[in-house]
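User: I'd like to learn how to read the contacts and surface features in a model like this one. Can you take me through it, general idea to begin with and then the case at hand?

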Amino acid sequence: LRGARPLAVAAAVAIGAGLLLAQSRGAWLGTVAAGALGAIMLARRPVVRLPIRRVAVLGAVTVVVLAAFLSGNRLARERIGSAFDIAPFDSSGRLFMWRVAAGMIRERPLAGFGPGGFGPAYPERQARLAAARPGTAWFYTDNAHNDWLQLPAEEGVPVFGLWIWVWAVFIRMARRRWRRGSGDALGLLLGFAAFQVNAIVNFPWYLLPAHGWFWLSFGWLLAGERSKAPAPPGSYRRAAMAVCALLSAAMGGRDLVANGWLKLSGDAVAAARWPQARVAAERSIARRGFWEGGVRAEANASSAAFNLGDFAGAEAHAREAIRLAPGSPSAWVQLGLASARAGKLDEAVAACRRALELNPGQADACHVLGNVAFLEHDLRGADEWWSRAVDANPALTGARDSLAALRRTHPRR
């Protein structure tokens, strides 16, 4: 193709910038692993001739850029260090999620929990395991952060075996094209290696753009294979590329748009931009398809509606989140919050007690129960629930301030 070299340079710059700015340790580990594998493959079988001077210049520029980036970015340095330390919560939390995912595989090894079933099934099983480990921080997740565990947990071991077969076919085709002198095939092979290393600590197989890359690459490799049956020149290649392009487009569509709105709603919630958060969450809900469940979008919409004073809307979204994920303690807490502000105190208490059944360390549920007890003039009960909330989460300022004010006006005896 004319102009392919400028496009390749632009793509390399965009990918490199993305790797730096995303600060994904899994992507970094995958890149290092792919680079090491590429060096070994080229050293053992130099099928592709490399322009040594250009590679040396590119390597030097990369080192300089990395040094400049790391010298001025303390967070990036900390994240690199934490990639080899299991003590921080981000790492120990992954180990805990993997234990839960392994238990789900043992529970349903053949059928799994169904596509998208990990998120709804996770909270109850996580809380069950956390009960045996007091003090473990609880959090909700849609993903196991390890596709090698989540795929068999959702789709069953037999279907996971089919995935491994597809991956093996991809590797075989790419390796064969590389041996015939294709540098592009080597690039795809190394990209796939980085992809799979990242899948050990993240969830690339649950991201639609990643699937688009894989299936288009698969189609390109397939188009290069010789058909055993006679076919008009070029028809096999065009048909293979067309099928894979259509497959990628079909898998994207509404779900990719829904996921984009979901990310925007999450950013708006984190920044307390409640009007924008609600609009983005509701647009994500309207476009949601089969790929990624709508629990997070419903939760974001409920939180935004609550902070905007629409308690009926907050309750409706919370109930829908519970319908999608009955085992999610955070959804039950959100229902309790909305019900309490709407004056439905009995429903608020029932919802928060259900959250505590799923996760005894759910501080927000204790906070709401303390508020309800205070409204009902049960000062001792309010003191006990707020104390429990603060013990579970010392950073919960609402419960801490309420407890301090109560003890100033009504000292305990």
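User: Which residues do ring pairs link into a cluster?

Analyst: A pair of aromatic rings is described by the distance of the centres and the angle of the planes. Here, rings of Phe, Tyr and Trp (its six-membered ring) pair if their centres lie within 6.5 Å; planes under 30 degrees apart count as stacked, over 60 as edge-to-face and the rest as tilted. Ring pairs join Trp148, Phe160, Trp163, Trp167, Phe170, Phe192, Phe195, Trp205, Trp213, Phe214, Trp215 and Phe218 into a cluster. Searching the whole structure turns up 21 aromatic pairs. Keep in mind that this is a predicted model: local features need pLDDT of at least 70, side-chain atom pairs count only at pLDDT 80 or more, while totals for chains, interfaces and linings use all residues. Residues are numbered from 1 along each chain as its sequence is written, and side-chain values use heavy atoms, with hydrogens and water left out.

User: Why is the pair of Phe195 and Trp213 stacked?

Analyst: The ring centres of Phe195 and Trp213 are 5.8 Å apart and the planes sit at 20 degrees, so this pair is stacked. The two belong to distant parts of the chain, 18 residues apart: Phe195 is in helix α9 (residues 183-198) and Trp213 in helix α10 (residues 208-223). Helices (H or I, at least four residues) and strands (E, at least two) are DSSP runs, numbered from the N terminus.

User: On to charges. How many salt bridges does a search of the whole structure find?

Analyst: A salt bridge is a side-chain nitrogen of Lys or Arg within 4 Å of a carboxyl oxygen of Asp or Glu. The search gives 9 of them. In one, the side chains of Asp310 and Arg278 meet at 2.8 Å, N to O. That pair links distant parts of the chain, 32 residues apart, with Asp310 in the loop between α13 (295-307) and α14 (311-324) and Arg278 in helix α12 (residues 274-287). Asp310 is partly exposed at 26%, whereas Arg278 is buried at 19%.

User: What about Glu315 and Lys344?

Analyst: Their side chains form a salt bridge as well, at 3.0 Å from N to O. This pair also links distant parts of the chain: Glu315 is in helix α14, Lys344 is in the loop between α15 (329-341) and α16 (345-358), and they are 29 residues apart. Glu315 is buried at 10% relative accessibility, and Lys344 is partly exposed at 33%.

User: And which residue does Arg323 form a salt bridge with?

Analyst: Arg323 pairs with Glu320, their closest N and O atoms being 2.6 Å apart. They are 3 residues apart in helix α14, so about one helical turn separates them. Arg323 is exposed at 54%, while Glu320 is partly exposed at 22%. Bridges that share partners also join Glu315, Arg319, Lys344 and Glu347 into one network.

User: Which residues form the nonpolar patch on the surface, and which the negative one?

Analyst: Patches are made of residues with over 30% relative accessible area and no salt bridge: like charges are joined within 9 Å, nonpolar side chains (Val, Leu, Ile, Met, Phe, Trp, Tyr) within 5 Å. Accessible areas come from the Shrake-Rupley method with a 1.4 Å probe; for residues, only the protein chains shown count as cover. Trp148, Ile164 and Ile200 make up the nonpolar patch, with about 240 Å² of accessible area together. Ile200 sits in the loop between α9 and α10 and is partly exposed at 39%.

For charge, Lys and Arg count as positive and Asp and Glu as negative; His and the chain ends are not counted. The place of a charge is taken as NZ of Lys, CZ of Arg, CG of Asp or CD of Glu. The negative patch consists of Asp346, Glu376, Asp378 and Glu384. Asp378 is in the loop between α17 (363-375) and α18 (379-392), partly exposed at 38%.

User: Last one: what is phi of His377 near?

Analyst: Most residues other than glycine have a negative phi, and most peptide bonds are trans. His377 has a positive phi near 65 degrees. His377 is in the loop between α17 and α18 and is exposed at 70%. Ala272, not a glycine either, has a positive phi of about 60 degrees.

Definitions and conventions: Buried < 20%, exposed > 50% of the residue type's maximum accessible area, 1.4 Å probe, protein only.
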